[in-house]
Amino acid sequence: FKDDQTKIELLKNLVGQNFCPHCCLRLINWQNISLCASPIDVIKMTLQNITGIEFVFNGECKGCFNILPYCTTEQFKQEVKSKIIDSGFEFDEYLLTVNTPPYLIVSDAVLFDNLLKSNLITIPNEITAQTPYGHKKSEKTMKSLLELIMPVKKMAKFILGPWLTPQLGARVSFQTPFKCEIEFFIDCQLRLPEDFYKNLSKFTRRQRNQSIKKQESEAKDNQMLGAEVLKLVHSHQNFQDLNQYLEQAIEFEVKTTLSIYREVVFITGRYLKLQRGIAQTGDMEESDEDEGAQKLDYSVERALEPLFRKHCEFEKFILTASGREDIDVRMMGRGRPFIAQLERAKNAQSRDWQQICEEVNLDLAKDLYIKLDPEASLKFYEKGDNWVMMELHRGSTEKTKNYRAVIYSAEAIENYDLLKDIIELKLQQKTPLRVLHRRPLLTREKIIYSIQFVKELCDNYFVVDIHASAGCYIKEFVHGDFDRTQPNLSYIMKKQLEIIQLDVMGVDCVW
Ligand SMILES: [Zn+2]
């Protein structure tokens, strides 16, 4: 815009063209949010005062297909507010996002082109476009030119945001895990000419054909075509061609959907498994259990979920731990670090998780099979704290673990001193036969840091403590897995050995 005078000339022109008050403001790129958020009569009055022309609007705005007048209605604002509040989520920050139909890009391009042709606006010598790194000098593409006017969705946020924020009593934050998304649809006959569809990328064309076949709503069609429409607008020279298609869209109706989304919540802790025969999760495929495929009714995950539910409202509970012990292995010591992911948790943020840990343990104490480590307790994290997941993963791949094993030897062992020589022993371990049906065949290098002889139970049974690198298959290290683990304890002791019982005593992880 050359100067204020040209802005006023432009405004006079727009007021006479039956645009809604908010479209007038956005087409002159009015960035003052307080006027945009004012009652519609105040805006009309202001525009009248500036231009000296009486503001007339017949209720059908071809600039925004009535989306903006719809936003200003008390009924719609109240509807948005009560849907957010009734969702039951706890929040003190929120982010409002608005999506509009991609056809609005076409109509904005046409409007912009008309204004250019009537000399009401001129393109500055140098234009800038917003990039993730700030504003940069830009090519004069349609996309960057369209930044000279304000998109409908930004204006919709200018209208709704300042009203909603005090009503919700929450702050606006871009980092918040709580997001409200309003999607506008225009129910109109507007179709782009078939020529344009021919120019779509192969992928989009295929998607579109599929959605036509399945008779999916136009809404979906709109969503999918968004980026493509923008590309077409860029490449298409004569926007006036598009105008006729837009003008066919006379009858229309605004429809909206409101999606409320809360990022997953992480609750961290350590679990102890005091009895054999309990899987970590009920998920058979990933479980290290290899005897039959009966569904496991009792797992650490299944035991914990209902106890968490007593204290917190959420939809889905997923347990992820730092590694996994076999079903017949106990998890002792301070337990295994885990993250309980709570999806769509409504009130996890304000709970006292230390208190919940104590109460969960009281409930668990009734059957004594599983326990939470009271020292690690339970702690709340947002998904954005991604070091939590990284540390858990590091624990299962890079750190060390301590085991206690009861070992059986067919022949009595006379000399346990051979165990003392095992210090930082490097193993080449092929994927064990028992898990080969679901794990790729690889040879992994693992380390046995040390083995401590604990005691002899009788001639053929003895107990040892093993300190090993994470992910080492201890059972296979002891019996050798047909020499697929080399060297192995049977080879070193020159006796065929078998693990009778195994306990994980410690998982090294800052938790
Ligand atoms: Zn409008």
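**Close-up 1. Packing of helix α14 against helix α15 in the predicted model.** Helix α14, spanning residues 300–309, packs with helix α15, spanning residues 353–364, at an angle of about 125°, and the two axes lie 10 Å apart. On the α14 side the contact is formed by L304, L307 and F308, while α15 contributes W353, V360, D363 and L364. Sorted by class, this contact of α14 with α15 holds six nonpolar residues and one charged residue, with no polar ones.

**Close-up 2. Packing of helix α6 against helix α9.** Two packed helices are described by the angle between their axes and by the distance between the axes. For helix α6 (residues 74–86) and helix α9 (residues 152–168), the angle is about 45° and the axes are 11 Å apart, which makes α6 oblique to α9. The crossing in which α6 passes α9 is right-handed. From α6, the residues that make the contact are E74, F76, K77, Q78, V80, K81, I84 and I85, and they meet I159, L160, W163, L164, Q167 and L168 of α9. The residues of this contact of α6 with α9 comprise nine nonpolar, two polar and three charged.

**Close-up 3. Strand β13 with its partners β14 and β16.** Strand β13, which covers residues 423–430, pairs with strand β14, which covers residues 443–458, in the antiparallel sense, and seven bridges connect the two. Within this pairing, Q428 stands opposite E445 of β14. Strand β13 is also joined by two bridges to strand β16 (residues 485–486), and these strands likewise run antiparallel. Here the bridge partner of Q429 is T485 in β16. In a regular strand the side chains alternate between the two faces of the sheet.

Note on methods. Residues are numbered from 1 along each chain as its sequence is written. This is a predicted model: local features need pLDDT of at least 70, side-chain atom pairs count only at pLDDT 80 or more; totals for chains, interfaces and linings use all residues. Side-chain values use heavy atoms; hydrogens and water are left out. Axes are lines fitted to C-alpha atoms, for helices over the stretch in contact, and angles run from 0 to 180 degrees between N-to-C directions. Helices (H or I, at least four residues) and strands (E, at least two) are DSSP runs, numbered from the N terminus. Angles under 35 degrees count as roughly parallel, over 145 as roughly antiparallel, 65 to 115 as roughly perpendicular and the rest as oblique. A crossing is left-handed if the near helix is turned anticlockwise from the far one by less than a right angle, and right-handed if clockwise. Contact means heavy atoms within 4.5 Å. Ala, Val, Leu, Ile, Met, Phe, Trp, Tyr, Cys and Pro count as nonpolar, Asp, Glu, Lys and Arg as charged, and the others, Gly among them, as polar. Two strands pair if DSSP finds at least two bridges between them.
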